[in-house]
Amino acid sequence: IGLHQAGHLDEAVRLYDQILTILPNQPDALNFKGLASHQQGDFKSAIKLIGRAIKNVPAGNIQANTMFLNNLGSAHGAARNIEEAENCFRRALDLDPNFYMALNNLGNALVNEGKLADAAEYYQRMIDLEPGDEDAHCKLADALIDSGELDAGIKCLRNALKTEPDFPIVWNNLGQVLSEKGEFQEAIQCFDRVLEIDPDDAGAY
C-alpha cells in the first residue's frame, strides 16, 4: 500500500499479484489492484477486480463494502458507465448514508446526467456534514445556478461566507454570478475581497 500511495504502481501491482497467487479472492488485494488499474487507465480491469473484491468481502464489513462500492462507482464513471456509477454510489449510501466520498461522487454523477436538482440534494447533505467544505458549497451553488436558480445559488454562496468569510473561491464565484445578474458594483466588491485574501489570484482581475 505504501508503494501504491507513493505512486509506484507497477511495484505495488506485483505485490498484489503475489498475494493473489496465494489467496486468489483476497478482497483488499483485489480492490487495491483494481484501484491501480483505474489509475493506469484500464477501467475494464478495474471494474472486474473491484467487482470481485465486493463479492468476496464479508457482508458484515460495512466499511469495506461502502469503500469498495464507491471505488467501483468511480471506475464505472471513468469508463462513462454513468448509470452503473450512480447505482454503485447509491448502494454505498444505502450502507452508510453519511459516506462523504459517495455523497460527492453521486452528486457529480447526477450533474453529468443533467439531474441538477437531485445533485443539489447530495451536495447539501455534504454541507450538513461538513459546513466548512468550500468545494461542496460551490458545487451546490453551481447546480442551483445551472438549473436557473440564480438567487438560490447566490444565497448558498452567501451562507458559505457566513461559515467561513475567507473562502476566496466562494467570493470569486459570487462575484461572477452577481456580474451575470448585472449587479456590477457588488461583484467588484467580491473580486476586491478575493484579492485581499489572495493577492495572487488572477481570476479576480
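Predicted model: local features only at pLDDT ≥ 70, side-chain atom pairs only at ≥ 80, totals over all residues.
Local features were taken at pLDDT of at least 70 and side-chain atom pairs at pLDDT 80 or more, whereas totals for chains, interfaces and linings use all residues. Residues are numbered from 1 along each chain as its sequence is written, and side-chain values use heavy atoms, with hydrogens and water left out.

Buried denotes under 20% relative accessible area, exposed over 50%, and partly exposed the range in between (1.4 Å probe, protein chains only). Beyond its neighbours within four places in sequence, V170 is in contact (heavy atoms within 4.5 Å) with E134, C138, L157, A160 and L161.

The whole structure contains 1 aromatic pair (ring centres of Phe, Tyr or the six-membered ring of Trp within 6.5 Å; stacked under 30 degrees between planes, edge-to-face over 60, the rest tilted). Y16 and F32 are stacked, at 6.0 Å centre to centre and 20 degrees between the planes. Y16 belongs to helix 2 (residues 9-22) and F32 to helix 3 (residues 27-39), so the pair ties together parts 16 residues apart in sequence. Y16 is buried at 4% relative accessibility, while F32 is partly exposed at 21%.

The search returned 0 disulfides (cysteine sulfur atoms within 2.5 Å). For C156, the nearest cysteine sulfur, that of C138, is 7.9 Å away; C156 is buried at 7% relative accessible area.

Definitions and conventions: Helix = DSSP H or I, 4+ residues; strand = E, 2+ residues; numbered from the N terminus.
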